[in-house]
Amino acid sequence: MKGYCMYACLLVILNATQQFSLAQPTPVIQSFVAGFTRPVRVVNGGDARLFVAEIGGKIRIIKNGSILSQPFLDIGSKINDPDWAGIFSLVFAPNYQTSGYFYVLYVLKNSTEVQLSRFTRSTSDADLAEVSSELKILTIPYENILGGHRGGDLAFGMDGFLYVSTGDNGPGSRGAIGDPGNNSQNMGKLFGKILRLDVNSASPADNILNKIFALGLRNPWRFSFDRSSGDLWIGDNGQDAWEEVNYLKYPFTGTPANFGWNCLEGTQTYNATHCADGTIYSPPKYTYPGFSNNGGSSASVMGGYVYRGSKYPSLKGYYFFGDYQSGKIGLISPAGSGSFPTGLNYESLISFGEDHEGELYTLSFLNGTVSKIANPGDPLPVTLAYFMLNSKDCSQQLDWKTESEINFKAFELQHSTDGKKFERIASIPALGEGHIYHYNDNLPYAETAYYRLKMIDQDGRYQYSKLIRGASHCLENSITIFPNPSSGSFTINGLKSGYVVNVYHVSGRKIFGRKAISEDGLVLDLKGYANGVYTMKVIDQQTGFSQSSQLVKE
């Protein structure tokens, strides 16, 4: 008993010390996309799209700033309650771009159980998943899903394991006794835990009690891993008095961490009869007054992310979290001090999200909106006066001029056949504001090409220019395809010996490659592949020639 009391007293002193900290940045919330129905989770799948899970059973895609009309996945017929007990979380496998695997945590229809399942992306449409591909991995046997705590998040750690949070299955009403069965401290139950699963094994959930990674949690609704360090951050909803953010440094030890509930709530003793002599409890990273300690003005912490994006250098290393009831958004600095900046609010805040580049988003449950976290006070590295393209026979001439360059490093010139997937073609160092830059693309795409500038600051931060496009009028490197569409066999003409022809699935996965050994037509056979649109890319490594075209199999 003395050990945990002394530890808790020390934590009070440490939290008080945190009030004396350096000034924090002043981020803002910027509107992004509206139109969702009770969204609960927003994640990325390793590309520019965002995937939003609605509690009612649908996963929707934000693509090019708009919501696609066709849901990526709809399991509405499988869930318990479209308002409160449906999909809780969603995560994509680290190798999703090649495997097509993603994982969903949802409440089973006509049941109090929560189901963890794996689904697979469609082989013919990257914006669609196969409902029939469901592979059930783990069923968590909650007893009172509407009144009890069920945790509800999924995330892959830097170690490649899938982590799953569970609630303590205790009552959720105000004034009730928290976790009366002491589930969160019981290593014989899954409740109040974080589980660590090897989803690459044949049976990820076998001997599941041996896969308890952490215990002593009340309702860890949202947690995340720092994409830079691998550290774990957990927002654990308090009972009535305290809300807390927990933390574990990576790499993790083999012993399950114990965060103290329900011996402790935050740093304070909650139920002394559930405290064990000699037990070491991991202290919270940050606590703030909960419902009964703040006059009912805030309750239910929403765990978030450490900012690792490149657009706002002043935000780097700050952990963003929030409070559901008040909508307040808080920050924990890299030094460990926490605060709620004045005016930083988001109504009905249910979750945070991170895109593939590390930029952060907020999600409103009742308003159905996704917004961005930004910091307009961070200066942009460069301002363009213009960016222009002139087509000249077999080349594309690109010209641009800067009005200002602040701590600026270089331009990366990129091109694309569709304005979505870009490749670098040149790097041009900064020459100072007012300079006029030139670049000639002497081997442009034979079809319409899109160009943009990635403008990179000295510290790695970057922004993109507007898109410009043009078509080459040169026929020297014209590649033809016949027939196209085809039932499977395509003849490629216009190749030169040594040219490499690669064919890609719509997901970006390379299917196969061929090398031309003469200037005779090369036959590509797609008869064993699904109908749909494929991308063919022809490359000459000697000259740098590159041309992309579409193959339509029907």
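Strands here are DSSP runs of E with at least two residues, numbered from the N terminus, and two strands pair if DSSP finds at least two bridges between them. The model is predicted: local features need pLDDT of at least 70, side-chain atom pairs count only at pLDDT 80 or more, and totals for chains, interfaces and linings use all residues. Residues are numbered from 1 along each chain as its sequence is written, and side-chain values use heavy atoms, with hydrogens and water left out.

## Strand β34 and its partners

β35 covers residues 462–464 and pairs with β34 in the antiparallel sense over 3 bridges. The two strands form a hairpin with 4 residues between them. In the turn, G460 has a positive phi of about 95 degrees.

β34 also pairs with strand β31 (residues 408–416), and 8 bridges join these antiparallel strands. Here Q414 stands opposite R452 of β34. A further antiparallel pairing, over 4 bridges, links β34 to strand β36 (residues 468–471). Within it, Y450 has R469 of β36 as its bridge partner.

How many of the 10 residues of β34 are buried? The strand, which spans residues 448–457, is mostly covered, with 9 of the 10 buried. Buried means under 20% relative accessible area, exposed means over 50%, and partly exposed is in between, with a 1.4 Å probe and protein chains only. In a regular strand the side chains alternate between the two faces of the sheet.

## An open sheet of 4 strands

Another part of the model holds an open sheet of 4 strands in the order β40-β39-β42-β43, with antiparallel pairing. β40 (510–515) and β43 (546–553) stand at the edges; each has a single partner strand, so one side of each is left without a neighbour in the sheet. The twist averages 20 degrees from one strand to the next. For such angles, axes are lines fitted to C-alpha atoms, and the angles run from 0 to 180 degrees between N-to-C directions.

Strand β39 (residues 500–504) and β40 pair in the antiparallel sense over 5 bridges. In this pairing, V500 has K515 of β40 as its bridge partner.

## Backbone features in loops

The peptide bond from W261 to N262 is cis, with omega near 5 degrees. N262 is in the loop between β18 (257–258) and β19 (264–265). The bond from F482 to P483 is also cis, with omega near -15 degrees. P483 is found in the loop between β37 (480–482) and β38 (489–493).

N110 has a positive phi, near 55 degrees, in a residue other than glycine. The loop that holds N110 runs between β8 (101–107) and β9 (114–121). N110 counts as exposed, because its relative accessibility is 73%. N207 is not a glycine either, and its phi is positive at about 50 degrees. N207 lies in the loop between β13 (194–197) and β14 (212–215). With 59% relative accessibility, N207 counts as exposed.

## Salt bridges

Side chains of opposite charge can pair when their charged atoms come close. A salt bridge is a side-chain nitrogen of Lys or Arg within 4 Å of a carboxyl oxygen of Asp or Glu. By this rule the count comes to 13 salt bridges. Among them are the pairs in this table.

| Pair | N to O distance | Separation in sequence |
|---|---|---|
| D159 and R196 | 3.7 Å | 37 residues |
| D240 and R174 | 3.2 Å | 66 residues |
| R308 and D226 | 2.8 Å | 82 residues |

D159 and R196 meet in a salt bridge. D159 lies in the loop between β11 (154–156) and β12 (162–165) and R196 in strand β13, so the pair ties together parts that are 37 residues apart in sequence. D159 is partly exposed at 26% relative accessible area, and R196 is partly exposed at 25%.

D240 forms a salt bridge with R174. D240 sits in the loop between β16 (232–236) and β17 (242–248), and R174 in the loop between β12 and β13. Is D240 buried or exposed? At 15% relative accessibility, D240 counts as buried, whereas R174 counts as partly exposed at 39%.

R308 and D226 form a salt bridge through their side chains. R308 is in the loop between β22 (301–306) and β23 (319–323), and D226 is in the loop between β15 (222–225) and β16. R308 counts as partly exposed at 31% relative accessibility, and D226 counts as buried at 5%.

Salt bridges also link D47, R49, K63 and D127 in a network.
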